[in-house]
Amino acid sequence: MTPPEARLWERLRAGRLNRLKFRRQHPVGPFILDFFHAETQLAIEVDGGMHNSEAQIDHDRRRTAWLGERGIKVVRLRAEDVRDRLDAVIDFILGVIRDRRATGEIASPPPGR
């Protein structure tokens, strides 16, 4: 894990965040998700500078679309934000989970995950 990923994992692991269960380095199809909250089918990706290249942006779009077709919402966080504004990032993640629960956007896990 990168330092920002490790920092976020310290807040997400072992139910430390409101007893929510997250997995790290979770495989889905051909992809490995940085963090995954299965109940709400939420993928959290921490993106460093390499995600700014045109090729990587295109790859990330295709990956997000593929995951979205399977009911997984992808949230991309800038590594700088995780490093410098962790409390705001945590509040954002909690808001996304709350919204997915409230709006019923939660899809059943696809077969063969």
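Entry 1. I am working from a predicted model, and I began with helix α2, where I found Gln56, Asp60, Arg63 and Leu67 buried. Looking down the axis of α2, I saw these buried residues fall within an arc of 65 degrees, so they line one face of the helix.

Entry 2. For the buried residues, I listed what covers them, and the list includes β1 (23-28), β2 (31-37), β3 and β4.

Entry 3. I checked the length of α2: residues 54-69 span 23 Å from first C-alpha to last, close to the 22 Å expected. After α2 comes Gly71, and I noted its positive phi, near 85 degrees.

Entry 4. Next I looked up the largest nonpolar core and found 21 residues in it, with Leu8, Leu12, Phe22, Ile44, Leu77 and Ile93 having the most contacts inside it. The elements giving two or more residues to this core are α1 (3-12), β3 (42-47), β4 (73-78), α3 (79-84) and α4 (86-103). Of these, α4 gives the most, with seven residues.

Entry 5. I followed Ile93 and saw that, leaving aside residues up to four places away in sequence, Ile93 touches Leu8, Phe22, Ile44 and Leu77. I also found a second, separate core of seven residues, including Val28, Phe36, Leu67 and Val74.

Key:
Residues numbered from 1 in each chain as written. Predicted model: local features only at pLDDT ≥ 70, side-chain atom pairs only at ≥ 80, totals over all residues. Heavy atoms only, no water. Core = buried A, V, L, I, M, F, W, Y, C linked by side-chain atoms within 4.5 Å. Buried < 20%, exposed > 50% of the residue type's maximum accessible area, 1.4 Å probe, protein only. Helix = DSSP H or I, 4+ residues; strand = E, 2+ residues; numbered from the N terminus. Contact = heavy atoms within 4.5 Å. Expected span 1.5 Å × (residues − 1). Arc of directions from axis to C-beta.
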